[in-house]
Amino acid sequence: MLAFTLNGMLTAKPLDNVCIESLSLDITEESLRRATRGATNLEKKITEVKATDAEKLTSEYQKLVEGLQEVDDGRQEDSFMANPGNSG
């Protein structure tokens with residue numbers, strides 16, 4: 001009897017039926033279709049998550065920039081109020 005071992009090598013050693021059954025895998029056209037659908041759905045979900053994460057990141061970045069601008073504007077106003085004669 002010839003059989004493939006786990007490392008893919010072809011062997012002529014007799015294998016126990018239990019071992020053969022535990023290492024056997026039936027790949028049918030239907031199982032390939034299901035695997036393909038699953039992979040396609042996973043790809044779509046990853047794309048959706050990436051888009052959502054990109055939108056969130058852009059929004060958070062914009063809020064950060066606006067907050068920094070407000071802080072800078074406040075500092076400039078405070079500086080002017082403390083030294084009104086030093087305006088350029």
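The exercises below work through the fold, surface and confidence of a predicted model.

**Exercise 1.** Determine which secondary-structure elements the chain has and how they follow one another along the sequence.

Solution. 
- Step 1: The chain contains two helices and two strands.
- Step 2: Along the sequence, these elements follow the pattern β-β-α-α.

**Exercise 2.** Find where in the chain confidence is lowest and where it is highest.

Solution. 
- Step 1: For the chain, mean pLDDT is 78, and 66% of the residues reach 70 or more.
- Step 2: Strand β1 (residues 3-4) has the lowest confidence, with a mean of 50.
- Step 3: Confidence is highest in α2, at 90.

**Exercise 3.** Classify Tyr61 as buried or exposed, and name the nonpolar surface patch residues.

Solution. 
- Step 1: Tyr61 lies in helix α2 (residues 29-82).
- Step 2: Exposed means over 50% relative accessible area.
- Step 3: Tyr61 has 54% relative accessibility, so Tyr61 counts as exposed.
- Step 4: Together, Tyr61, Leu64, Val65 and Leu68 make a nonpolar surface patch of about 400 Å².

**Exercise 4.** Classify Asp73 by accessibility and list the residues of the negative surface patch.

Solution. 
- Step 1: Asp73 is placed in helix α2.
- Step 2: Asp73 counts as partly exposed because its relative accessibility is 38%.
- Step 3: Glu66, Glu70, Asp72, Asp73, Glu77 and Asp78 form the negative surface patch.

Methods: Residues numbered from 1 in each chain as written. Predicted model: local features only at pLDDT ≥ 70, side-chain atom pairs only at ≥ 80, totals over all residues. Heavy atoms only, no water. Patch = residues over 30% accessible without salt bridge, like charges linked within 9 Å, V, L, I, M, F, W, Y side chains within 5 Å. Areas by Shrake-Rupley, 256 points an atom, 1.4 Å probe, with all protein chains shown as cover. Salt bridge = Lys/Arg side-chain N within 4 Å of Asp/Glu carboxyl O. Helix = DSSP H or I, 4+ residues; strand = E, 2+ residues; numbered from the N terminus. Buried < 20%, exposed > 50% of the residue type's maximum accessible area, 1.4 Å probe, protein only. Lys, Arg positive; Asp, Glu negative; His and termini not counted. Charge placed at Lys NZ, Arg CZ, Asp CG, Glu CD. pLDDT = per-residue confidence, 0-100.
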